[in-house]
Amino acid sequence: MICAAPPPPTIERTALRDDPLTRTRLLVVDDHPAVRAGLRELLADEADFVVVAAVDTAEAGLEVAKREPIDVAVVDYQLAGRNGLWLSRKLKRLPLPPAVLIYSAYTDGVLAAAVVAEADALVSKGSLGSDLCREIRYTAVGEGHLPALPPRLAESLRRRLDHDEQALFGLLLAGLPPAEVAATLGLTSAAMEARLRDLLGRLEGLPAAPRG
């Protein structure tokens, strides 16, 4: 399948790379061999993409990103062992962190946790290849996006998170970087990391997402 070209600029999302010849360096992480191969073939067919590596575990993806410059990591949520959200947090703490696009069969179940994991975009596995490519292009220039919280999920968060957790999640949801959130809440870096780790663990089960 060949991806469609990016759509015409819109009011909300207009950024493009200044140099059209610059190729976006991609890392693909998926533990299903056929899906991984299909993604690599799909993305490699695009003139503005180069797939630096396609690997099957979060740990392998992290090692690649430590060695190679990556613009966007395209990461399956459910992996054997560590999942894609663990990888997102690790990638965001590298000296030159890539943008992270998470894809999952059930985006609602991953959405809240993806916010805490600092993912830049979330795409359904049911999307067309052209949609994935378009979102990668937006994510590469800082215009990736996470979907709005569905009312059902927002209500679940209000019921199951305490006041401090709601405050932390709300600031992250508003787009503040973790360092700014920590300063706002009066937390040290170590305390912020501990709070994020605990919150991520809670949110991954809210609601439970099927494998995907």
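How do the residues of the lining of the largest pocket divide into nonpolar, polar and charged?

Modeller: This is a predicted model, and what follows should be read as a description of that prediction. The lining of the largest pocket divides into nine nonpolar, five polar and five charged residues. The pocket itself holds about 380 Å³ of space. Its lining comprises 19 residues, and those closest to the centre are Glu118, Ala119, Asp120, Leu146 and Gly175.

Next, the helix pairs. Helix α7 spans residues 163-173 and helix α8 spans residues 178-185; the two pack at an angle of about 140°, with their axes 10 Å apart. On the α7 side the contact is formed by Leu168, Leu171 and Leu172, and on the α8 side by Val181, Thr184 and Leu185. Sorted by class, the residues joining α7 to α8 are five nonpolar, one polar and no charged.

The pair α1 and α5 meets at another angle. Helix α1 (residues 33-44) packs against helix α5 (residues 129-140) at about 65°, and their axes lie 11 Å apart. The range that counts as roughly perpendicular runs from 65 to 115 degrees, and α1 and α5 are therefore roughly perpendicular to each other. Their crossing is right-handed. Leu39, Leu42 and Leu43 of α1 make the contact with Gly129, Leu132, Cys133 and Ile136 of α5. The class count for α1 with α5 is six nonpolar, one polar and no charged residues.

Ala54 sits in strand β2, which covers residues 49-55. Leaving aside residues up to four places away in sequence, Ala54 touches Val28, Arg36 and Arg40. Between Ala54 and Arg40 there are 14 residues of separation in sequence, while their C-alpha atoms are 6.7 Å apart in space.

The remaining pair is α2 with α3. Helix α2 runs over residues 58-67 and helix α3 over residues 84-91; they pack at an angle of about 20°, with axes 9 Å apart. Angles under 35 degrees count as roughly parallel, so α2 and α3 are roughly parallel to each other. The crossing of α2 and α3 is right-handed. From α2 the contact takes in Ala58, Glu59, Gly61, Leu62 and Ala65, and from α3 it takes in Trp86, Leu87, Lys90 and Leu91. In the contact of α2 with α3, six residues are nonpolar, one is polar and two are charged.

To return to the request: the lining of the largest pocket has nine nonpolar, five polar and five charged residues, and Glu118 and Asp120 are among the residues closest to the pocket centre.

Key. Residues numbered from 1 in each chain as written. Predicted model: local features only at pLDDT ≥ 70, side-chain atom pairs only at ≥ 80, totals over all residues. Heavy atoms only, no water. Axes fitted to C-alpha atoms, helices over the stretch in contact; angles between N-to-C directions. Helix = DSSP H or I, 4+ residues; strand = E, 2+ residues; numbered from the N terminus. Parallel < 35°, antiparallel > 145°, perpendicular 65-115°, else oblique. Left-handed = near helix turned anticlockwise from the far one by under 90°. Contact = heavy atoms within 4.5 Å. Nonpolar A, V, L, I, M, F, W, Y, C, P; charged D, E, K, R; others polar. 1 Å grid on protein atoms, 1.4 Å probe; cavity = no way out; pocket = protein on both sides within 12 Å on 5 of 7 lines; lining within 4 Å. Points joined across faces, edges and corners; volume = space filled by probe spheres on them.
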